[in-house]
Amino acid sequence: QVQLVESGGGLVEAGGSLTLSCAASGSIEKIYMTSWYRRPLGSERDLVALIYNDGITHYADFVEGRFTISRENARSTVYLQMNNLKSEDTALYYCSVATRNSDSSSQAYWGQGTQVTVSS
């Protein structure tokens, strides 16, 4: 079992910055990938960025170089640094991790989300 707690959301003006944190606890040694998703009100959930344990990262096209995902070496906390925020970045941001179990199966865990609101 892995527990996730997101923090760092809030209200910011367009052009501003926020850093989201995802703190993991429990069986963190099983985590091999951590992702940030977002869901604007009334819309589907979209992948924002992900990072593997080896440091490989991937970003959604809409990030356009504005966001950076990073991780503490202990795998316990993953950050999403968001710069030059736009009103369309307003959404509930979720952290998710994928774990590899002893039988090689994979399992996903989700946090409760943190709200980001960008005023124009």
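This short talk covers the aromatic pairs, the charges over rings and the disulfide of one predicted model.

Let me begin with the conventions. Because this is a prediction, local features need pLDDT of at least 70 and side-chain atom pairs count only at pLDDT 80 or more, while totals for chains, interfaces and linings use all residues. Residues are numbered from 1 along each chain as its sequence is written, and side-chain values use heavy atoms, with hydrogens and water left out.

I turn to the rings. Two aromatic pairs are present in the structure; rings of Phe, Tyr and Trp (its six-membered ring) count as a pair if their centres lie within 6.5 Å, and the pair is stacked with planes under 30 degrees apart, edge-to-face over 60, and tilted for the rest. Tyr37 and Trp110 have ring centres 5.0 Å apart and planes at 55 degrees, so this pair is tilted. Tyr37 belongs to strand β4 (residues 31–39) and Trp110 to strand β10 (residues 106–110), so their contact ties together parts 73 residues apart in sequence. Strands here are DSSP runs of E, at least two residues long, numbered from the N terminus.

How accessible are these residues? Tyr37 is partly exposed at 22% relative accessibility, and Trp110 is partly exposed as well, at 34%. On this scale, buried means under 20% relative accessible area, exposed over 50%, and partly exposed in between, with a 1.4 Å probe and protein chains only.

Trp110 also pairs with Tyr94: the ring centres are 6.5 Å apart and the planes stand at 85 degrees, so this pair is edge-to-face. Tyr94 lies in strand β9 (residues 91–100) and Trp110 in strand β10, so the pair ties together parts 16 residues apart in sequence. Tyr94 is buried, at 11%.

Next come the charges. Arg45 lies over the face of Trp110, 3.9 Å from the ring centre. A charge sits over a ring if NZ of Lys or CZ of Arg is within 6 Å of the ring centre and within 35 degrees of the ring normal. Elsewhere, the charged end of Arg100 sits over the ring of Tyr32, at 4.5 Å from its centre.

Which cysteines form the disulfide? Cys22 is joined to Cys95, with an S to S distance of 1.9 Å, where a disulfide is a pair of cysteine sulfur atoms within 2.5 Å. Cys22 lies in strand β3 (residues 18–26) and Cys95 in strand β9, 73 residues apart. The torsion about their S-S bond is about -70 degrees, so the disulfide is left-handed. Both cysteines, Cys22 and Cys95, are buried.

Note on methods
Helices (H or I, at least four residues) and strands (E, at least two) are DSSP runs, numbered from the N terminus.
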